[in-house]
4 protein chains.
Amino acid sequence: MTDYDYGDAGQMLDVGRAILAEQPFNGLIGAELVGFAPGEAELRLPVREELRQQFGLTHGGVVSYLADNTLTFAGGSVLGPTVLTAEYKLSFVRPAIGDDLVARASVVHAGRRQAVCRCDVFDVTDGQESLCATALGTIRALQDPSADTET
Amino acid sequence: MTDYDYGDAGQMLDVGRAILAEQPFNGLIGAELVGFAPGEAELRLPVREELRQQFGLTHGGVVSYLADNTLTFAGGSVLGPTVLTAEYKLSFVRPAIGDDLVARASVVHAGRRQAVCRCDVFDVTDGQESLCATALGTIRALQDPSADTET
Amino acid sequence: MTDYDYGDAGQMLDVGRAILAEQPFNGLIGAELVGFAPGEAELRLPVREELRQQFGLTHGGVVSYLADNTLTFAGGSVLGPTVLTAEYKLSFVRPAIGDDLVARASVVHAGRRQAVCRCDVFDVTDGQESLCATALGTIRALQDPSADTET
Amino acid sequence: MTDYDYGDAGQMLDVGRAILAEQPFNGLIGAELVGFAPGEAELRLPVREELRQQFGLTHGGVVSYLADNTLTFAGGSVLGPTVLTAEYKLSFVRPAIGDDLVARASVVHAGRRQAVCRCDVFDVTDGQESLCATALGTIRALQDPSADTET
C-alpha cells in the first residue's frame with residue numbers, strides 16, 4: 001500500500017511520536033500516539049477537566065481534534081510524513097463522558113498523493129470502550145507544506 | 001426562524017458569552033464570541049504558538065474546534081442553548097498562517113429539534129481575511145444534555 | 001439493536017423488496033435488494049449503458065443513488081420502514097468501470113429515531129469486487145413521511 | 001479564478017450543454033444545464049413520476065444526482081471539462097415535492113487541480129423555490145479520466 005519507508009515497526013512508531021511531539025497544539029491537548037503502522041494509526045488521550053464543555057462532556061472540538069489528527073497519521077503512514085487533512089466528516093454518535101478517548105484510523109484507499117481514511121473514536125470508562133464518533137476524510141501529501149493545500 | 005427567546009440583542013450576546021465561558025475547553029483555546037443573533041454566530045480566536053502544528057500553521061484541530069463550536073452556536077441561536085453538534089463536514093481550502101481566525105456560521109434551515117448550519121473560517125493576517133475552511137453540519141436540540149445524542 | 005419487527009429473515013427480505021419495488025425511481029435505475037437483516041442492507045445494480053457518464057464510467061450519480069438508498073435500507077432495518085436519509089458524505093475512491101455495482105451498508109449506531117450508517121460501494125468486473133466509493137450518513141425515522149424532514 | 005478558456009459566455013454554455021448531452025445517465029434523468037459561467041453552474045430538472053420514491057417525494061438519489069453533477073460542472077467551470085467529483089456531503093433539509101428541481105453550485109476555492117464547491121438544491125412548486133438540500137464537495141481535474149481518481 002505504501003511507497004514511503006519509515007523503517008521497521010519500532011522505527012515507524014518512533015518517527016510518528018517525534019512528529020506528534022513537534023505539534024505545539026498537541027502539547028496543549030496531550031494525546032499520545034500508541035499505534036502507527038502502514039495503513040493504520042491510533043491516538044489515545046486522557047480527558048482532563050480542561051477538555052470538557054459546559055455539560056461535563058468531553059468537548060466536541062476535542063473529539064474532532066483527535067479524529068482529524070488520527071486520520072492525518074493514518075494517511076501519513078502510507079503517503080509519508082508531509083501530509084495534511086484536506087477534508088473530513090465527523091458524526092457524533094454518543095456523548096463522550098469517560099476518562100480517556102481512543103481514536104483508531106485506517107486507510108480505505110490510497111493513491112500516490114491522496115488517501116481516503118476512516119476513523120472511529122471510542123470513549124473509555126473503567127476500561128470499557130464505547131464508540132462516540134466516527135469520521136471519514138481525505139489526506140493529501142504536500143510537496144511544500146507551507147504552500148496552498150489545493151495544488 | 002426561532003421559538004427560543006434570548007431577549008434583546010445585547011442580552012442574547014451576553015447569554016452566548018456566558019455559555020462559552022462555561023466551557024472549560026474554550027478556556028484552554030481562548031476563542032471569543034463576537035456575534036450571536038437569531039440564525040447567526042461568530043467566534044474570533046487569537047492564534048498563539050500553542051495552537052500551531054509542526055509546519056507553523058494553525059493546527060487543523062483548532063480550525064475544527066472553531067468551526068464546530070461556531071456551528072453549535074448558530075444552531076443554538078434558534079434552537080435554544082441546550083444543543084450539540086450531531087455531525088459536520090469540514091473542507092480545508094488554505095493553510096491558516098495568520099494571527100487570528102474568525103468563524104462565521106449561519107442557519108441554512110431549522111426545524112423544531114434540528115438545524116442545518118454552514119460555517120466559513122477565515123485566516124486573518126494584517127487585518128486581511130482569507131477563507132481557510134468551510135463546514136456544513138447538523139445541530140440537535142437535547143432535552144437532557146447528559147442523555148444519548150441519538151434520541 | 002432494533003425495536004422494529006420485520007418478522008423472520010425471509011419475511012424481512014420480502015418486506016424490503018416490496019419497499020424497493022414501490023420506488024418508481026428504482027424502476028428506472030434497476031437495483032435489487034439482495035440482503036436486508038437487522039443492521040445491514042445490500043443492493044446490487046447491473047450497470048447498463050444508460051447509467052454511464054461521458055467517459056464510459058458508471059455515473060457518480062448512480063453510485064450516489066446506490067449508496068444513499070443502501071444507507072436508508074440499513075437505517076430502516078432497525079428504525080422501521082418509514083425512514084429518510086437526513087444527510088450523508090460520499091467519497092469516490094476509484095472509477096466504476098465494471099458491469100455491476102454492489103453496495104453494503106451497516107448501522108454504526110442507532111438511537112430511537114436516528115441511525116448513523118456506513119456504506120461501501122464495490123465495482124464488480126469479471127466477478128472481482130473493488131471498492132469504488134464509501135459513505136457515512138444519518139438516517140431518520142419519520143412519523144409522517146410527507147412532513148418536514150427536520151422535525 | 002480560472003485558467004481554462006471556454007470562450008465567451010454563449011460558447012461556454014454551449015460546451016457545458018454538449019458535455020451534459022454526452023452523459024447517457026443524464027439522458028435517463030433529463031436535467032438541463034441552464035447556467036455555466038466561471039465559478040458557477042445551474043442545472044434544472046423536471047420531476048416526472050419515475051423520479052419519485054414510495055412516499056411520492058422526489059427520490060433522494062435524484063437530488064443527489066443533481067447536486068453531484070452541478071458541483072462537478074461548477075468545478076469544471078474553472079478546472080476545465082475533464083473533472084470528476086472526488087467527494088461530497090449532502091444534507092437534505094426539506095422533502096422535495098414539487099414539479100422541478102433547480103441546483104445552483106459555486107466554487108468556494110479553486111487550486112490548479114482541485115476545487116471546493118457548494119451547491120444548493122431548490123424544490124420548485126408553482127414557481128416558488130424552497131431549499132430542499134445543500135451540499136459541499138471537492139472536484140478534481142484528471143489528466144486521464146479513465147485512470148485512478150486518486151492520483
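Which residue of chain A comes closest to the rotation axis? Lys89(A) does, with its C-alpha at 2.0 Å. The model discussed here is predicted, so that local features need pLDDT of at least 70 and side-chain atom pairs count only at pLDDT 80 or more, while totals for chains, interfaces and linings use all residues. Residues are numbered from 1 along each chain as its sequence is written, and chains are lettered from A and ligands numbered from 1 in the order in which they are written.

The axis in question relates chain A to chain B: a rotation of 180° with 0.0 Å of shift along the axis superposes chain A on chain B, with an RMSD of 0.0 Å. Such superpositions are made by least squares on the C-alpha atoms of residues with pLDDT of at least 70 in both copies. Between these chains, 39 residues of chain A are in contact with 39 residues of chain B; contact requires that the C-beta atoms of two residues, placed from the backbone, lie within 7 Å. Helix H2 (24-29), helix H3 (60-79) and strand E3 (83-92) of chain A are the elements that give two or more residues to the side touching chain B. Helices (H or I, at least four residues) and strands (E, at least two) are DSSP runs, numbered from the N terminus. The largest share of this side, 9 residues, comes from E3(A). By class, the side has 16 nonpolar, 13 polar and 10 charged residues, where Ala, Val, Leu, Ile, Met, Phe, Trp, Tyr, Cys and Pro count as nonpolar, Asp, Glu, Lys and Arg as charged, and the others, Gly among them, as polar. Because 100% of the interface residues of chain A are also interface residues in chain B, the copies meet through the same surface.

E3(A) is also joined to strand E3 (residues 83-92) of chain B by 5 bridges, and the two strands run antiparallel. Within this pairing, Glu87(A) has Ser91(B) as its bridge partner.

Chains C and D can be followed in turn. A rotation of 180° with 0.0 Å of shift along its axis superposes chain C on chain D, at an RMSD of 0.0 Å. That is the relation of a two-fold axis. In chain C, the C-alpha nearest this axis belongs to Lys89(C), 2.0 Å from it.

Not counting residues up to four places away in sequence, Leu66(B) touches Ala31(B), Leu43(B), Leu45(B), Leu101(B), Ala103(B) and Val121(B).

Methods. Pairing = 2+ DSSP bridges.
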